[in-house]
Every structure is written in structure tokens, then in C-alpha cells.
Amino acid sequence: MTIKTKTAPFRADHVGSLLRPDVLHKARQQFKEGQISKLELREIETSEIKRIVDKQIEVGLELVTDGEFRRRFWHTDFLEHLNGITGYVPDTGYLFKGEETERYNIKNTGKVSFNPDHPFLEDYKVFQDLVAGRAVAKQTIPSPNQLFHTDIRDHSIYPDIEDFAADVIQAYRDAIQAFYDAGVRYLQLDDVYIATLSSPDTTFDGEHSREFLIDLARRVINGVLDGKPEDLTVTTHLCRGNYRSTYMFGGSYDLIAKDLLSKEKVDGFFLEYDDERSGTFEPLQYIPKEDGPRVVLGVVTSKFGELEEKEAIINRIKEATEYISLDQICLSPQCGFASTHHGNKLTEEEQWEKLRFIVDVAKTVWPNE
């Protein structure tokens, strides 16, 4: 068996978002109230991104992110800057376990295409300069499949979902090329939508079946990745929701494993396995073994600060090897620490201890890497 040699995902990796510091919360409020300018806010954001880049390197990570410090939400900030997509305030937020989120969403208002002046491109260039070659600068964006959530597509603009899919695919192909030209070599597509297709709690409106939507989700991702640059690593994170340490839904990956996990042409899957809602490792049997993607096991929770037992995590990795080779496994938190600006219920020091712990476990399990 031959495993594709990839720099990323790394044995010790992380999903992306980090807790926003108080200085950033204060600056955002000051900007909202007109006390500081947009430029002043940006300078504070850049300073804090520099600080957390340095900290990620200090804890031993070989990749760093900008913590998503310029974003309010992990997905809407990117999506609302695509042509044909608009942000708005709905009547209700997303319904999580015991909590409704802050109200903000996006909707389809025109033909979808990539905006060549998308602000994330300049943000990445600044971020990459801060990293200065000391680590791999990882860029995270929402998956194109996030646009297929119910009530986003305008049926008067796109009566046929296949026409919508075609434009979304092209928009993301253009986005990937633009990020590549900006210097991105490690890109992650964050995807709650695909995980919902594997949840038994998900209901469908009758327009399309679960099976059709699973097939469409795979075709969208593979269409986006068709012809991508060879030296660009693209991974995906399949998330069950992450808001102030709560979750949106449960369910294992069983319902999507035979199609999506076996046929989606990404270089790595970030999969959540931090509690009983995640199910067993059995779906990993469908991950291709020959030249297959790496599987980044999210067995360390990002929702709470209590540190896991090292031997328990090592044993979880061993359990996964019943279905997939150790050579294909990596380790990460189950999700980001702050998918929205609110953040999860742990301290910043606990966050760094989690990442330091993951590096330590990885060095124990893969001592020669």
C-alpha cells in the first residue's frame, strides 16, 4: 500500500478558529459605536493575529491560522462577499442545543460568481506576511455546500438546483485559483451541510431526497477540485455545529460514508469524534486506502477546557486503526475554539494547553515525524 506523501494535514493540526481576546471584542464595539475608524480596527486585528501566529508556533504547531479574527461568523463573512449572495438579519437564529444563535444569515439574491475583489484575498496576504515562512499559513473558508442549506437558493433565479450547483462550482473554482495566486497552499473547506446529511434528525422538504443531496454534495466538491493545482492541499472539516460550546445536531457519519467519505477527492477529512454523538470509527473503513486522504481525528474537544488524559487519546487513535492505517491518521481538536466571535466556554490559556497537548500526543504516536 502506498500513502500519498503530503505536508498537510499535519500529525498535529487544528481546525482554525481561536478565541477572540478582550482587546478585539472592545475594538469591535468601539468601531460599532464610531469611536475608532475601520483602519484602526484593522490595525488592532492585525496586531492580535500576529500575537496568535507567534503563539501557535510557540506551542509547536507546524501550521498556523489567523484564528478567523477578522470574522464574526465562520461562514457568513466569506459567503456574503460572493456575487449573488447577500447577508441579512433573519427573524430567528440557528437553533442549537438549548440556545438560539445571534441572528445573521445569507441568501441568494442574484447569479452566483466569485468576486475578484473578495476581501479575504488581501487578508490572507497580510496574514502570510505575518507568518513569514515560519510555518504553513492555512486558509479556512466555508464549503460550497453551505450554499445548499434550505431557504438560501432563490428559486426564481435558479429554478433548477443543477444550474445553481454549476454556478457555485465555478465560483469556488475561481476562488481557489485566486487564493492559490495569493500564495495559499493549504486550504480547508468547512462543511456543516454535509454532516447534516448524515444526521437522522435532518428532515427534507420533499423537493429532493437525502440520497440525491448526498450525491449532489459530492459532485459539487469534486467539481470544485477538478483541475486544482497539484501542490495545493485541500481538506474538509465535517462539523455538527459549534456555538458557545453547544452543538446543532448529532449522528454518526454512517449515512454519508459509502458515498462522500469514499469518493470525495480531498486530501484530508477533519472528523469530529469527541463524544458519544459522533458514533463509532466504523465509517472510516470507506476511506480509500491506496493514495487515500488523511483522516484528522477530532478526539480532543474544543468545547470545554478540561484536558483529556493522554493515554485515553492514544487509545482512541489505536481504536481507529481497526479501520484505517496509522499512516493515514492525524490529530486535532474536534472543531475550532470560536466558530463565531462569541467563542466557546473555556479560557485562552486552556485553548493553548489543548493545542500543546495535541502536539505532545502526536510526537508520542508518530515519534519519527
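A charge is taken to sit over a ring if NZ of Lys or CZ of Arg is within 6 Å of the ring centre and within 35 degrees of the ring normal. In this predicted model, the charged end of R185 sits over the ring of Y180, 3.6 Å from its centre.

A pair of aromatic rings is described by the distance of the centres and the angle of the planes. Ten aromatic pairs are present in the structure. In one of them, the ring centres of F10 and Y186 lie 6.2 Å apart and the planes meet at 55°, so the pair is tilted. This pair links distant parts of the chain. F10 belongs to the segment before α1 (22-32), whereas Y186 belongs to strand β8 (residues 186-191), and 176 residues separate them. Both F10 and Y186 are buried. Y273 and F281 form another pair, with centres 4.6 Å apart and planes at 55°, so this pair is tilted too. Y273 has a relative accessibility of 1% and therefore counts as buried. F281, at 4%, counts as buried as well. Elsewhere, one aromatic cluster is formed by F78, F120, Y172 and F179.

Y186 also takes part in a polar contact. Its partner is D13, and the two side chains are joined at 2.8 Å. The side chain of D13 makes a further polar contact, of 3.3 Å, with that of K138. D13 is found in the segment before α1. Its relative accessible area is 0%, so D13 is buried. Beyond its neighbours within four places in sequence, D13 is in contact with L63, K138, Y186, F270, V296, L331, S332, P333 and I358. The segment before α1 also holds P9. A cis peptide bond joins A8 to P9, with omega of about -5°.

Helix α2 (residues 38-58) has 21 residues. From first C-alpha to last, α2 reaches 30 Å, close to the 30 Å expected at 1.5 Å a residue. The buried residues of α2 are L41, E45, T46, E48, I49, I52, V53, K55 and Q56. An α-helix has 3.6 residues a turn, so residues three or four places apart point the same way. The cover over the buried residues of α2 includes α1, β1 (63-64), α4 (119-131) and α10 (348-365). Just after α2, G60 takes a positive phi of about 105°.

Helix α8 (residues 254-263) buries I256, A257, D259, L260 and L261. Among the elements that cover these residues are α6 (192-197), α7 (210-225), β9 (233-238) and β10 (268-272).

Positive phi values also occur at residues other than glycine. A132 is not a glycine, yet its phi is about 55°. A132 sits in the loop between α4 and β6 (136-137). With a relative accessible area of 54%, A132 is exposed because the cut-off is over 50%. D291 likewise has a positive phi of about 55° without being a glycine. D291 is located in the loop between β10 and β11 (294-300). Its relative accessible area is 41%, so D291 is partly exposed.

Definitions and conventions
Residues numbered from 1 in each chain as written. Predicted model: local features only at pLDDT ≥ 70, side-chain atom pairs only at ≥ 80, totals over all residues. Heavy atoms only, no water. Buried < 20%, exposed > 50% of the residue type's maximum accessible area, 1.4 Å probe, protein only. Helix = DSSP H or I, 4+ residues; strand = E, 2+ residues; numbered from the N terminus. Contact = heavy atoms within 4.5 Å. Phe/Tyr/Trp six-rings, centres within 6.5 Å; stacked < 30°, edge-to-face > 60°. Expected span 1.5 Å × (residues − 1). Polar contact = N/O pair within 3.5 Å; in protein donor to acceptor, adjacent residues only side chain to side chain.
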